Amino acid sequence: MTRHKLSAAASTSQERPLPAIVKRWILRIMVPLKGYRQLLTFHGFSDDALAEAIGLGEWLDPAIMDLDAEKILSELKALAHSEEKGKAPALPSSLQRNINKLATLAGLSRTDCSILAFAVMIENHELLESAADLLERVSTSELCRILSHLLEIPESEIRHSLQPQGLLARSGLLTVDRSGAAPFSRKFDLLSQSFADTIFSADAEPLYLLRDVLVPASPAKLQWQDYAHVVDLMSILQSYMANAVPRKLQGVNILIHGLPGTGKSQLARVLAQHLNRDLFEVAFADESGDPINGDRRLRAYRAAQCFFANRDVLLVFDEAEDVLDGSSLFSEKRTQSSKAWINRTLEDNPVPAIWLSNAVDCVDDAVIRRFDMVIELPIPSRNYRNRIVKTMCGEILSENEIAQLSLCSDLSPAIVENAISVASIACNNETGLNSAQIIRSVLNGTLTAQGHRPIADEPPSYLPDVYDPTLINCETDLLALCRNLKICKSARLCLAGSPGTGKTAYAKWLARELDQPIIVKKASDLLGMFVGQTEQNIAAAFSEAKKEGAVLVIDEVDSMLQDRRSVTASWEVSMVNELLTQLESFDGVFIASTNLMGHLDQAALRRFDLKLHFDFLTPEQSEKLLERYCHALKLANPTPASLISVRTIANLTPGDFMTVARRHRFLPIKSPMAFVDALHAESGIKGGVSRSIGFIH
């Protein structure tokens with residue numbers, strides 16, 4: 001062999017002495033396992049630092065130009081033989097003590113401990129890693145054979161410890177890559193890099209070894225009573241956990257799901273506090289701030305289950321869809337394997353676990369059924385939103401501002417908390433805004449980004465001061481209808497009539513009189529672009545109305561309740577069916593408004609308790625509305641001429657009056673007659689005609 005130039009690594013390798021046990025393992029790799037075949041090359045040593053570390057340093061002299069391979073091999077065998085005659089070297093003391101602690105805590109066998117120690121050493125000693133990788137790519141079977149020789153443990157015991165059902169894998173401490181042949185050192189996968197560093201370098205408590213993948217939960221900011229909107233489920237959960245946890249039952253798992261910000265994490269903390277148990281969360285990021293993927297988080301969870309099996313703690317796994325979602329991009333084989341592991345995990349975990357997820361749509365039914373309880377945590381109802389907002393913002397917002405925010409049905413506790421945090425920092429003279437304005441602006445930005453409507457300047461139930469149901473032209477006594485609904489609390493009403501005749505306004509007035517919130521949905525709010533999405537939106541609207549105890553109004557319902565005999569697409573039929581199904585089971589007040597009652601499905605019409613037709617204003621109603629608007633806008637009292645003129649407009653609606661009144665804000669109206677002239681113009685746009693009044697033709 002021709003001698004090549006000495007490497008820089010070799011020249012400095014003696015600065016760090018090689019631990020005796022590492023040297024023995026390297027020599028076993030070199031000689032019995034024939035790693036020397038890759039170390040000795042035609043041009044010299046493939047790794048000068050490795051050659052020097054095991055005692056072949058004299059061959060690195062630059063003066064030696066030709067290396068005698070046979071002599072080197074003979075010398076290498078002599079070194080290996082001498083090493084084997086000596087006393088078995090020990091592991092570094094700190095590593096040995098930490099391994100012993102883990103063995104006691106997790107019940108590791110002697111073989112488990114030996115394999116784990118070797119994996120930690122190869123992670124922390126570059127020369128050992130380099131020597132092992134001289135064996136080139138190895139299969140899992142070859143790995144077991146090699147470890148058996150290096151650790152002097154029967155191969156059958158090695159295989160037993162490294163099997164997927166073994167304690168090392170189940171605890172998450174160490175797994176083996178079984179995807180195929182790979183470099184020797186790459187076959188091992190320890191829990192985390194931080195775990196490998198800490199267990200090797202210093203005495204540490206087992207919990208400290210998991211510090212980058214498992215963190216103590218922060219104290220709860222909410223209280224048990226803040227979840228009164230799901231009081232029945234909370235009572236069951238409280239009772240179940242209070243009895244199951246002290247009895248140390250296995251397989252106690254709770255799945256809590258709901259939209260982001262609904263208080264799932266806080267609920268887990270409240271529950272742990274109530275049970276007087278420490279709570280630990282599986283982390284999303286390591287100590288460096290890098291994200292931890294789903295597989296790593298599962299391994300951290302497995303390790304925590306092992307470490308805490310005999311401690312009074314609870315575990316929480318947030319963003320559980322990362323591991324429960326069955327629609328991953330992995331292969332079918334991998335997905336099935338993961339599902340099987342999840343199923344086993346949910347059946348025998350010794351530490352009670354709370355799993356939190358934003359959605360469960362893609363979770364397999366076989367996984368869902370293994371949870372003891374599955375709790376949907378919705379956005380709180382209006383009353384409880386009011387309470388939460390008041391608790392968080394009571395010193396910042398007025399009662400009216402709190403009430404206004406509480407009307408937003410998409411407002412979650414986390415969004416409010418974030419807005420308050422921003423306002424507390426940003427509220428100063430530089431912004432020119434007060435806390436209430438900042439909170440509202442931040443909330444609207446978040447709501448819009450989430451696909452929700454921003455907080456309205458006017459509540460959904462807003463009505464102008466001039467509103468009076470007696471000024472609606474309807475054959476039914478609307479005041480009597482309201483009185484009766486206050487008694488029975490349930491009705492399905494269909495309001496039909498031309499645009500502007502007061503259908504939606506009456507629904508708002510009715511909700512106000514019934515002292516109920518109102519939820520107004522347009523057809524465009526409910527129609528979805530994906531298959532099944534419209535049906536889901538319809539169901540969600542009815543569910544929201546039930547939760548809020550609200551009057552539900554669907555405006556422009558003719559586009560959703562078309563006659564099924566005339567539709568051609570299957571989704572249109574499905575949409576009508578879903579709406580009718582929800583309507584049948586809804587026991588509150590439901591109001592549908594339409595401009596085209598003749599286009600509605602006949603079966604749908606039969607399901608309405610009362611069909612009301614809202615017509616154009618009568619001459620008398622037009623007069624009264626003119627008087628009221630003139631008073632509201634601080635105009636002079638209507639003249640006889642203006643009253644006669646307004647009576648002649650045949651197709652006038654309350655909506656026309658509101659349109660002209662809104663115009664007054666930026667284009668002031670000077671007189672009652674000018675107001676009437678504007679009404680004539682609105683009527684003309686609709687193609688209206690004038691009425692004959694008395695002797696006037």
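These notebook entries record what I looked up in a predicted model of one protein.

**Entry 1. Ground rules.** I number residues from 1 along each chain as its sequence is written, and my side-chain values use heavy atoms, with hydrogens and water left out. As the model is predicted, local features need pLDDT of at least 70 and side-chain atom pairs count only at pLDDT 80 or more, while totals for chains, interfaces and linings use all residues.

**Entry 2. The whole protein.** I found 33 helices and 18 strands; helices (H or I, at least four residues) and strands (E, at least two) are DSSP runs, numbered from the N terminus. The C-alpha trace spans about 135 × 55 × 55 Å along its principal axes. I then looked up the radius of gyration, taken over C-alpha atoms, and the globule rule, which is 2.2 Å times the number of residues to the power 0.38. The radius is 38 Å, well over the 26 Å that the rule gives for 697 residues, so the protein is more spread out than a compact globule.

I noted that buried residues make up 48% of the 697 residues. Buried means under 20% relative accessible area, exposed over 50%, and partly exposed in between (1.4 Å probe, protein chains only). Of the contacts (heavy atoms within 4.5 Å) between residues at least 6 apart in sequence, 76% join residues at least 24 apart.

**Entry 3. Helices H20 and H22.** I examined H20 (residues 382-393) and H22 (residues 413-426), whose axes come within 10 Å and cross at roughly 25 degrees. That angle makes H20 roughly parallel to H22. Angles under 35 degrees count as roughly parallel, over 145 as roughly antiparallel, 65 to 115 as roughly perpendicular and the rest as oblique. Axes are lines fitted to C-alpha atoms, for helices over the stretch in contact, and angles run from 0 to 180 degrees between N-to-C directions.

Which residues meet here? Ile388, Val389, Met392 and Cys393 in H20 meet Pro413, Val416, Glu417 and Ile420 in H22. I sorted the residues of this contact into 7 nonpolar, no polar and 1 charged. Ala, Val, Leu, Ile, Met, Phe, Trp, Tyr, Cys and Pro count as nonpolar, Asp, Glu, Lys and Arg as charged, and the others, Gly among them, as polar.

**Entry 4. Positive phi.** Most residues other than glycine have a negative phi. I recorded a phi near 55 degrees for Lys248, which lies in the loop between helix H14 (231-244) and strand S8 (253-257). Lys248 is exposed, with a relative accessible area of 52%. Asp515 likewise has a phi near 55 degrees; its place is the loop between helix H25 (503-513) and strand S15 (518-522). At 66% relative accessibility, Asp515 is exposed.
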